[in-house]
Amino acid sequence: MHKMPRIWMDYCTIMTKRRIITDTRRVFDRALRALPVTQHLRIWPLYIKFVTSHDIPETAIRVYRRYLKLYPRAREDFVEYLQKIDQLDEAAKQLVALVNEDMPVSDKGKTVHQLWAELCELISKNPKKVYSLDVNVIMRQGIQKYSDQVGVLWCAFAEYYIRAGQFERARDIYEEAMISVKTVRDFTQIFDAFAAFEERNTAARMDNLAEPPDEEDELELEWLFARFEHLMARRPLLLNSVLLRQNPHNVHEWLNRVALYEGQPEKARSIFEKATQIAYAKVDELAMVWCEYAELELRH
């Protein structure tokens, strides 16, 4: 009997139907000890089905970890089970392991990109349940690796801190994102998310004002309004910066930037100094910049 997997499988099936958890688990363990490793894959599916069908999450996690040592390809099933029982920290760690395997496509047909997106979404929406990972490193790796999803990943990064209640840190992330992205699409996505966050934050503070509001509350509300207005006023300049990072040889965008500083000749001069240092494709473009620079000096 000890070397006959069919008998062990029937024995385990009968014990499973009896629903005596501890005795059944011991029978499965005896079967695994008795059979050679080459036949373990005939027992493990029954064992996993048994432990996941009962409300014994700690035991199920330990059993699944043992199973993964023999059959790592079951990791995605493990992640799904962990999400089902709300063990999101362990689910995130297993997703990291999946991503690090760097296979073109997983057993369930997911690309590495999809697994990254799933990991980032899990982290950003559950900051209080995912605590064992270095979120800063993971999110920045994703931003560097997937240039077509930069806007989405920056927004997810900021959302992590918003849900964690660290609003100032979220603002820092949004600000860093806006001065680093290189496409208008990513900038628009990030700016809109930032503006929506500030608007929600201001509205929530207004709803929570005491009646009548005291002087401190009024000052805080004025500060929130001023910060939101300052953000909206900076949009043209921030967008211009994105366009220049995308193409620093765009003469018209340099001139547009100067126009944004109308009435501030010192800042305009500083921009012209930078613009004249660019290696343009045509001499005419450099000449246009110098002519506009000269006109600025004549006006002032």
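Predicted model: local features only at pLDDT ≥ 70, side-chain atom pairs only at ≥ 80, totals over all residues.

The extents go with that: along the principal axes, the C-alpha trace spans about 100 × 60 × 20 Å.

The mean pLDDT is 90, with 98% of the residues at 70 or more. Confidence is highest in helix α10, residues 167–178, at a mean of 95, and lowest in helix α15, residues 283–299, at 86.

What is the chain built from? There are 15 helices and zero strands. If we take contacts between residues at least 6 apart in sequence, 52% of them join residues at least 24 apart.

The chain exposes about 17400 Å², and 53% of that comes from carbon and sulfur atoms. Among the side chains, 43 are positive and 46 are negative, and the centres of these two sets are 15 Å apart.

R19 sits between α1 (5–18) and α2 (21–34). Its phi is near 60 degrees, which is positive although the residue is not glycine. How accessible is R19? Its relative accessible area is 56%, so R19 is exposed.

The other is D86, in the loop between α5 (75–84) and α6 (88–101). Phi of D86 is also positive, near 65 degrees, again in a residue other than glycine. With a relative accessibility of 39%, D86 counts as partly exposed.

That is what I have.

Key
Residues numbered from 1 in each chain as written. Heavy atoms only, no water. pLDDT = per-residue confidence, 0-100. Helix = DSSP H or I, 4+ residues; strand = E, 2+ residues; numbered from the N terminus. Contact = heavy atoms within 4.5 Å. Areas by Shrake-Rupley, 256 points an atom, 1.4 Å probe, with all protein chains shown as cover. Lys, Arg positive; Asp, Glu negative; His and termini not counted. Charge placed at Lys NZ, Arg CZ, Asp CG, Glu CD. Buried < 20%, exposed > 50% of the residue type's maximum accessible area, 1.4 Å probe, protein only.
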